[in-house]
Amino acid sequence: MHISSLPSKYGIGTLGKEAYEFVDFLKDSGQSLWQILPLCPGGKGNSPYMSFSNFAGNSLFIDLTALVEKELLTQAEVAECDFGSEESRVDFEKVTAGREKLFHLAAERFFLSVPDDYESFCKENEFWLRDFALFMALKEKYGDVSWNEWGKPLKLRKEEALIKAERELSENVNRYKMEQYLFYSQWYALKKYANKNGIEIVGDIPIYVDYDSADVWSSPENFLLDEEYSPRVVAGCPPDAFSEDGQLWGNPVYNWEKMKGDGYTWWTQRLSHALKVCDRVRIDHFRGFESYYCIPLGEKTAKNGKWEKGPGSEFFAVMKKKFGSLPVIAEDLGMLTDDVRKMLKKTGLPGMKILEFAFDADDSSSYLPHNHIKNCVVYTGTHDNDTVIGWIDSLNQKDRAFVKRYLRLSAREGYNWGIIKSAMMSVADTVIVPMQDFLGLGSEGRMNVPGVAEGNWSWRMEKGAIDEKLCKKIKKITETYRRLPTEKKKRKS
């Protein structure tokens with residue numbers, strides 16, 4: 001469950017009281033992992049997978065109550081903002097507008113008495129923070145157009161132009177730095193509390209970054225761009241049984257040859273930051289390290305793309321040498337080849353098994369529980385899937401009958417509980433269940449529909465959805481399948 005999905009009175013989940021209460025719930029229900037989506041700011045369609053920065057935190061998650069307590073805001077100022085009226089959905093437009101107004105007010109007071117650790121925070125994070133803050137201030141100045149439309153001096157990052165922009169936009173640059181300081185101060189306090197209570201945080205790294213991001217603007221040499229800094233090719237997936245046109249993601253692809261030449265410095269910084277922010281991470285689109293699908297810029301579909309070789313297992317060998325170990329989950333879903341499977345095996349990283357993908361009555365899937373292995377992570381579903389209740393409702397009669405027969409599902413107990421139990425009884429070391437499935441929600445609880453631009457990422461858990469009865473039930477199931485943190489075997493949920 002993502003931070004945004006927590007209940008709160010500010011229109012979106014925050015790093016405040018409800019987040020700490022959720023940690024308490026996880027502990028009391030016998031859990032040991034909390035997986036979240038990327039913490040970075042949402043970009044197109046509010047997606048955390050299309051962000052302006054893969055290092056920055058989402059300022060929408062800053063707890064406003066804490067800012068009132070620090071006298072950076074007043075309760076009256078917060079109360080004046082309209083954060084939306086629907087408890088089970090995020091109104092991103094209203095939440096963003098309200099936060100923007102409040103952060104301007106907070107910045108005026110913040111810089112009158114700067115905290116002692118602010119300068120050290122800025123220095124420690126200078127490798128991304130300076131570029132991000134200036135990037136966002138320039139986005140604001142130029143009406144949110146992409147950085148390649150800011151004029152040649154800024155597009156090419158001429159030093160004189162950067163210095164001039166920092167000076168002219170210093171107020172907004174400083175405000176964006178302040179927001180990151182506040183976000184990370186609150187985040188690390190929450191993470192410390194979670195770890196103290198036996199809960200590890202599982203983060204998420206999108207393999208690609210958005211073209212219109214501080215990441216690409218600040219280090220264009222790491223991406224396959226032309227002399228005008230436009231992408232030569234963009235990322236996506238080829239046509240398949242689910243999409244005759246394929247998927248045209250539009251992200252720039254990496255200049256792997258250049259990255260290999262400098263020892264993968266950018267990726268080292270990215271992983272180092274991610275593993276400081278979280279205890280372990282899932283890397284999205286793992287197969288892209290073996291081969292990546294690229295499409296010429298300007299194509300309307302993904303039909304005319306081609307596969308190119310990625311860095312392969314060598315990349316992970318370099319990362320292991322640098323970090324000692326890699327607490328990473330490989331998102332090995334989608335179109336897999338023998339080469340991808342060999343790479344996964346060579347890295348030793350756990351892959352993913354999705355129960356919602358297992359039940360084709362005419363096929364035998366590796367995702368079926370009897371085909372699982374120990375070194376994997378079993379999910380009932382992910383943020384890109386329907387809830388298990390919504391999924392069962394969408395199946396054809398033959399497949400639905402197979403699911404019920406195989407898992408011995410009972411309508412009386414609730415189909416969601418039968419599927420959760422099946423995940424828990426797997427031989428897999430780790431099981432992760434979306435909160436919506438514990439709550440037994442239907443399709444109204446779905447987080448994302450891939451390929452749909454609007455209306456995603458907005459689900460919120462309503463206040464009071466978690467109670468003692470639910471907590472005890474989850475703990476009992478976890479205990480039954482020997483997955484409590486006190487069990488000797490390394491089986492986690």
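1. Two strands count as paired if DSSP finds at least two bridges between them. Helices (H or I, at least four residues) and strands (E, at least two) are DSSP runs, numbered from the N terminus. With that in hand, Gly203 sits opposite Val281 in S5.

2. Housekeeping: this is a predicted model, where local features need pLDDT of at least 70 and side-chain atom pairs count only at pLDDT 80 or more, while totals for chains, interfaces and linings use all residues. Residues are numbered from 1 along each chain as its sequence is written, and side-chain values use heavy atoms, with hydrogens and water left out.

3. On to the sheet: it is open, with four strands in the order S1-S2-S5-S8 and parallel pairing. S1 (33-35) and S8 (328-330) are the edge strands, each with a single partner, so one side of each has no neighbour in the sheet. From one strand to the next, the twist averages 25 degrees. S2 (residues 200-205) and S5 (residues 280-283) run parallel and are joined by four bridges.

4. H12 (residues 265-277) packs on this sheet, touching S2 and S5 (contact means heavy atoms within 4.5 Å), and its direction makes about 130 degrees with that of S5. Axes are lines fitted to C-alpha atoms, for helices over the stretch in contact, and angles run from 0 to 180 degrees between N-to-C directions.

5. Now the helix pair: the axes of H4 (residues 92-110) and H9 (residues 170-196) come within 10 Å and cross at roughly 90 degrees. Phe103 and Phe110 are among the H4 residues in this contact, and Met178 and Tyr181 among those from H9.
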